[in-house]
Amino acid sequence: MVDDEKETTLQFAPFQSAVDEGFWHRLSSLKLNKLGLNESPIPITGYFAPRSHRQVSNHLTLLAESLPTESSEQSSVPEPSRGNRNRCSVPGILYNTNTYEGFQALDKQSLLKAEAKKIWEDIHSGKAEEDSTILLRFLVISFADLKKWSFHYWFAFPALMLDPPATLVTLKPASHWFSLEEAESVTAACNEWRNLSSTTDIPFFLVSVDSNSITTVRRLIDFEDCQSNGHKVLFGFYDPCHLPNNPGWPLRNFLLYIHVRWGLEKVPFLCYRENRGFADLGQSLVGEALISNSQGWKNNHNMPNAVGWESTRGRKVPRFISLANTMDPTRLAISAADLNLKLMRWRALPSLNLDLLSSARCLLLGAGTLGCQVARMLMAWGVRKITLLDSGKVAMSNPLRQSLYTLDDCLNGGEYKVAAAVESLKRIFPAVEAEGVVMAIPMPGHPVPFQEENSVIEYCRRLQNLIDSHDAIFLLTDTRESRWLPSLLCASANKITITAALGFDSFLVMRHGAGPLSSNHDIKAEALTDLSAQMGSVSLDDNGRRQRLGCYFCNDVVAPVDSTANRTLDQQCTVTRPGLAPIASSLAVELLVGILHHPSGIFTKAEFANSTDSSSTEQPLGILPHQIRGSLSQFSQMILVGHASTSCTACSSIVVSEYHKRGMEFILEAINHPTYLEDLTGLTELMKSAASFELDWDNDDDECVEI
């Protein structure tokens, strides 16, 4: 602190600048879409507020809204937001050059002098009394390298120099300068000034204390009234500086304005600072500056010299920032897409593993109503690697129900669904690694002519390779029989498999159990990329420690057959209520996320809400059910469990073992001979035995008697 007897030169803490990334983003867009080669100055708005932290000064900040919009005129001043206590608006000017050489060649001293002259003229014209923010005019020069997303820039905060410099008579904390009653009154008056939307962003003001210690905060235009009443008057300003022995930069032009406007030589001032939004007189400063009488300042033509180019680490050099990692639209899209997921980890879901999700490789069999919805839900969860398989083309009836397609995809015979879907996914999120495979899935009940057997075998091998190279497979096809071969291959490779199927107003979503030749294994011990190898390297038959969960075919007592022959139009098409597919698709993706985050992964047993099983510990994402069956007509859902059947035509040990032994020969026989799978699994004998049963009836009460 400076005592009352010793006078020293008044030293001001320089203003500091900060630029939000959104400012550069908007400037880039403005440059590309509107300015072009035009280098005319651009009016901008900066924002600052009183110091609010004891150890950190506030900065003058540029935000996206600091620039004019693309639809407005270039010369129009951005409309500043008023009434925001944390955003005191300050007018500024931006000179953006087309080349780095042009940036270096700018006459910085002339530009600074021109802005200082505007302040000087506003002081003499009285404009500064009406709008005191113009005392803080600032200047920015810049060069935007849009190819490299890098920016060179330099701030200047023009300050008119007092000559000789002002001397400091006294400077002490405001709490030491005011009496206790005055301090309470000043605090209340300043808080009221800051809480009023009409005054909260006015950075220069008067603090008037009467003989009864009652304080009022008033506008500069009221100075004569305060002085005539014999009140104690201080010239207050919002001080962004936190230093205990130096006022902030705004005081420089304020002192000159006071001296020129009212001819005062001794100026009592209040450096107003806050703590958490309230007046802090312990950190605010009260001082008295002595200004020597300088001849000619009353004359508008004798403008003082100006200073104000910002220093960077003590050097007068421009600043440089590279935003290549954030300004590229694809990278910005990634950042924006991950925001919600990252916010989940703050409180709601700290254990969420975003790396696990982003590296998961998902294969979607079917690119129709379900496939489109599942793909979008996967992207929303952060999954980046998606492969779609389908052989169909986009029809005119598809775009309304299948969210990845538009009318253009239907023209000229229609695009292949997977090609159109991949392009749509990349338009939605450029960082997605999407791939489309045009291929029909060989199906039981659809016999293959001898001359086509080689191509069908090639399809089967290609499907096997796709399943082997992915971590999770979604069965989203239209027909039951088209799910058989993928179910078999997934059971053989022990892959995470999820089925979603639709009726008219009902749906089924289920996760397939582990394959019959696998055992419980800690699949989280290694990275997700090693998941397939881990799960395929262990073996245990159906009589192992834990009963396996069933697959889509485990409840069937017949083999899958051709379900499309001899069908009317409404039976050939997937006729469902429109709201069904989004519900089922969302549940299917939620099941996958649950499996990936569960310690037991694919081996997790069926879980139920409010289970009394003491061995079941609910995970952060909730329970992990086996089957979810829903009805829109009843607006209801049921959670069910179905264990693996030893006679299942897709995942039983005998079927998977036969596939391992005979390979493609086995698949061809299953496709061409409708009863082969039933004979192999014993379903034929089971049906014969069931047909031989007779029911006994109790004629007295017509009730069925248990056999």
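Predicted model: local features only at pLDDT ≥ 70, side-chain atom pairs only at ≥ 80, totals over all residues.
Biologist: Which residues of H19 and H20 meet?
Modeller: Val655, Glu658, Tyr659 and Arg662 in H19 meet Met664, Glu665, Phe666, Ile667 and Glu669 in H20, where contact means heavy atoms within 4.5 Å. Residues are numbered from 1 along each chain as its sequence is written, and side-chain values use heavy atoms, leaving out hydrogens and water.

Biologist: Why is H19 called oblique to H20?
Modeller: The axes of H19 (residues 653-662) and H20 (residues 664-672) come within 6 Å and cross at roughly 125°. Axes are lines fitted to C-alpha atoms, for helices over the stretch in contact, with angles from 0 to 180 degrees between N-to-C directions. Under 35 degrees is roughly parallel, over 145 roughly antiparallel, 65 to 115 roughly perpendicular, and the rest oblique, so H19 is oblique to H20.

Biologist: And what makes H12 oblique to H18?
Modeller: The axes of H12 (residues 369-380) and H18 (residues 580-597) come within 8 Å and cross at roughly 45°, so this pair is oblique too. Among the residues making the contact are Val374 and Met377 of H12 and Val589 and Leu592 of H18. By class, the contact has nine nonpolar, four polar and no charged residues. Nonpolar covers Ala, Val, Leu, Ile, Met, Phe, Trp, Tyr, Cys and Pro; charged covers Asp, Glu, Lys and Arg; the others, Gly among them, are polar.

Biologist: How do you know whether glutamate 182 counts as buried or exposed?
Modeller: Buried means under 20% relative accessible area, exposed over 50%, partly exposed in between (1.4 Å probe, protein chains only). Glutamate 182 has 10% relative accessibility, so glutamate 182 counts as buried. Glutamate 182 lies in helix H6 (residues 180-195). Leaving aside residues up to four places away in sequence, glutamate 182 touches Val209, Ser213, Thr215 and Lys232.

Biologist: What is in the largest nonpolar core?
Modeller: A nonpolar core is a set of buried Ala, Val, Leu, Ile, Met, Phe, Trp, Tyr and Cys residues joined through side-chain atoms within 4.5 Å. The largest one has 85 residues, and Phe178 is one of those with the most contacts inside it. Helix H8 (residues 250-262) gives the largest share, eight residues. A second, separate core of 57 residues includes Ala421, Ala434, Leu596 and Ile602.

Definitions and conventions. Helix = DSSP H or I, 4+ residues; strand = E, 2+ residues; numbered from the N terminus.
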